[in-house]
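Please read it alongside the sequence and the structure.

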Amino acid sequence: MVDPTANPKYRFAETALEALAQVDQLLASPSPGPKKASPSEMHSYAVNPDHQPTDTLLQALKNSPQVQRDFHCLLNNTAQYHMPQVAAASSGQIEQREANGCKISFRPSRADAKQMYVIIESAGNLNFSPDILFVCANNGDFHRLPLPPAQNGRIQLLLDRDNEIATGLLDIKSEVYLK
Amino acid sequence: MDIVSPENRFLEESKSAELTACLQTIQETTVDDIAKFSDKTCRELARLIVCRSYPSTVLELCHLVVAAVHCGTPDRRYEPLFFSSGTARTSSFQSFFLQIKNPSPAFTFAQKTVEINYWDQVFTINYSRMPVLSALLEFLMTTIGYGQLDDHMAPALQAMPAHKQVSEMANALSKSLYGYLADHLPPVQEQRKSQSFLRFLSANATAGLSAIALNDNSVLDYWLAHSSADTNNQTLDVKTYRSVFRMACQLIRILQYADEQYRLTSALPIGTDFDGGEIDPSDLEQALAEIDPGNDPLDDLEEVTGAGLKIVTKREMTLLREVLHGDAVGRELTRSILRNATFGEAQAGLVQALRQSKSSLSAELISDLPDDDYRARISQYAALAGHLDQMLLAILYVLTDAGHAFALSIALALKPDLDLSPLAAGVDEPDWQDDTVVSFTAATAARQFFAAMKNPDGDLRPLFEQAEKTYKAISRQGFAKKPVAQRPAIEQFVHGGAALMALRKELSALLHRHLTPIDWDQQMQTDRPLFRAQFMILYGGQNG
């Protein structure tokens, strides 16, 4: 009996059918493993203050070293201002951060010792109005704060001192981005 | 048959699951609640990956990144093009580039292409390629990661690179992707999932493997014989009738393509010596692009609907996908289409019920199936055909109102007996041998057609009034009270109309040619006990 698999048409059919089966398999839903963070969503989260992140993205930012590295890189490429780790501060806490004409200063609240003012301003740029503040903690965590509109190039926030954004801003090992 | 150990299969499945998750992320990405990438784009991407024919597409992507960075936008980054230009559709990318106020002289933005004039060479990218390039960029970001991708793109981010530099970038990027896929995607040649189906068909064919060997009986016989086999030792899910039917549809298209290629060139487009490395991945991908249903009018219609012109609802789209699988399938697997629609759906319901109950299903539940008989299904398809006619009439009204020549094609599709000969009156026939002649006659005829449609005393007036009345009775997204006049919106009606015409033709052939000779009541009487018995074996507790 003739072996059908020796027929070129049979072998072409087999290859094409296997390839289409693989295409179907790749596009089959849902995949049993953990979901991947969407690049589109990562970008939206980095640049759009109104974006409401999905749990998938938040989990990936918390648990996936690759997503953390990628998001860090994305912030480097999309943010207007980057304030790196502060090099020389013996106490481990700082009073202000500064980079490229942008300054973030911290003042204690007289009314409530548990609170502090965060003042974000630009030297001489009246159009200065960043939309989002990111704090990248030393442990890889990202904290995000959509900002109110600037008044005369100045944004003032009142934060609880134990708030993770506040502690991150005051930590010399954190990095800060403004978009 | 190859036997895969459970341990190895687990490892292979984990690797594939990682890749499936990447593709799934791309499929599920939305922009303002609309899928960012069409199904067509996702399938095109998946084919590139499976066939490993991505290098030329990666090269195009790198050139597109150069265009995004250096075309004249203020931020000189590529992210805004891919992430801030809306859904990944041809029109979105076209708008992005055509709206650039002061483009760099190195770029020429035409209606269909972006031309990049490197000092050492010119490279042209079609806007229609950009959706899949955008999907590839996201795929690279989920697989090798954004950081690595951005490192590869670094030479394009400073001064305008040379063409040669972009080629080097693309090669390095392809190499990274190759490395990732080597760990996550088994080569097609190593897969043997469809072998049992092909062997079954060959064993039952008298004249070798051809489209004739594949028919309604062989599909059903294969499913009956193999669906209850021990699935733990199988590499392919043939438990559901749907999966077998889908494989049969694909095989029909593959064999049809192979026959056409033989007729044209007396050879298949690819080498068949896998071990000798004869297969050219891009040839295989090109063949699959023609075979794969991702390039059909159903996808075009879905794309138009997704873009906001609601020609069909989700339910109507599901029904269209259920009944239309291409002319060859309609002709050769007519009974299988109806079996898939009724018993395939019933089986999907059983699987769902089984998942919820976690035990075998009752005989009563199975004996009540299916919910619809064949005749009821055919009635739904006939009603759907009527709906397509209505929507085509409505589109005829919009295009007539806009004076778009495609209205003529729609009018002829709706009324094939329409006598348009009076439109030729007064037109001097040009010398058709002269290459410089543009279809003056056609343009004049179109003008006369529109005049005749709107002339209260003209022969075409009843058709126009019918079209107008139909349009005004529709209250769906995209069908405003007064038809839109903007060109992009009109183009959507043209695309939607073209897809509808093709689908209507296929549905009409199925309804009036392929379905009519069959006694469906008799067919249901024959099929029902067969399917119920098999469902009992699969889900009634007789097969664990």
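**Note on the structure**

1. Strand E6 (residues 142-146) of chain A is mostly covered, since four of its five residues are buried. Buried here means under 20% relative accessible area, exposed over 50%, and partly exposed in between (1.4 Å probe, protein chains only). Helices (H or I, at least four residues) and strands (E, at least two) are DSSP runs, numbered from the N terminus.

2. The model is predicted: local features need pLDDT of at least 70 and side-chain atom pairs count only at pLDDT 80 or more, while totals for chains, interfaces and linings use all residues. Residues are numbered from 1 along each chain as its sequence is written, chains are lettered from A and ligands numbered from 1 in the order in which they are written, and side-chain values use heavy atoms, with hydrogens and water left out.

3. Strand E5 (residues 132-136) of chain A runs antiparallel to E6(A), and five bridges join the two. Two strands pair if DSSP finds at least two bridges between them. Within this pairing, A:Cys136 stands opposite A:Phe142. The hairpin has five residues between its strands, and A:Gly140 takes a positive phi near 100 degrees there.

4. Chain A also holds an open sheet of four strands in the order E2-E3-E4-E7, with antiparallel pairing. Strand E2 (96-99) and strand E7 (154-160) stand at the edges with a single partner strand each, so one side of each is left without a neighbour in the sheet. From one strand to the next the twist averages 15 degrees, where axes are lines fitted to C-alpha atoms, for helices over the stretch in contact, and angles run from 0 to 180 degrees between N-to-C directions. E2(A) pairs with strand E3 (residues 102-108) of chain A over four bridges in the antiparallel sense, and A:Gln96 stands opposite A:Ser105 in E3(A).

5. Overall, chain A has five helices and eight strands. Of its 179 residues, 49% count as buried. Chain B comes to 22 helices and five strands, and 51% of its 544 residues count as buried. Among contacts in chain B (heavy atoms within 4.5 Å) between residues at least 6 apart in sequence, 72% join residues at least 24 apart.

6. How many residues of each chain meet at the interface? In chain A, 39 residues are in contact with 68 residues of chain B. The area buried between the chains is about 5000 Å², with carbon and sulfur atoms giving 64%; buried area is the accessible area (1.4 Å probe) that two parts lose on being put together, summed over both. A:Lys9, A:Phe12 and A:Leu26 supply 16% of the area that chain A buries against chain B, more than any other three residues.

7. The count between chain A and chain B is five salt bridges, each a side-chain nitrogen of Lys or Arg within 4 Å of a carboxyl oxygen of Asp or Glu. One salt bridge joins A:Lys35 to B:Glu28, with the closest N and O atoms 3.1 Å apart. A network of salt bridges links A:Asp24, B:Arg43, B:Arg47, B:Arg246, B:Glu285 and B:Asp292. Over all chains, the count comes to 28 salt bridges.

8. Within chain B, B:Asp300 forms a salt bridge with B:Lys40, the closest N and O atoms being 3.4 Å apart. This pair links distant parts of the chain, helix H12 (residues 297-306) and helix H2 (residues 39-50), 260 residues apart. B:Asp300 is partly exposed, at a relative accessible area of 29%, and B:Lys40 is partly exposed at 26%.

9. B:Gly478 lies in the loop between helix H20 (461-473) and helix H21 (487-514) of chain B. B:Gly478 is partly exposed, with a relative accessible area of 33%. Leaving aside neighbours within four places in sequence, B:Gly478 is in contact with B:Gly308, B:Leu309 and B:Phe493.
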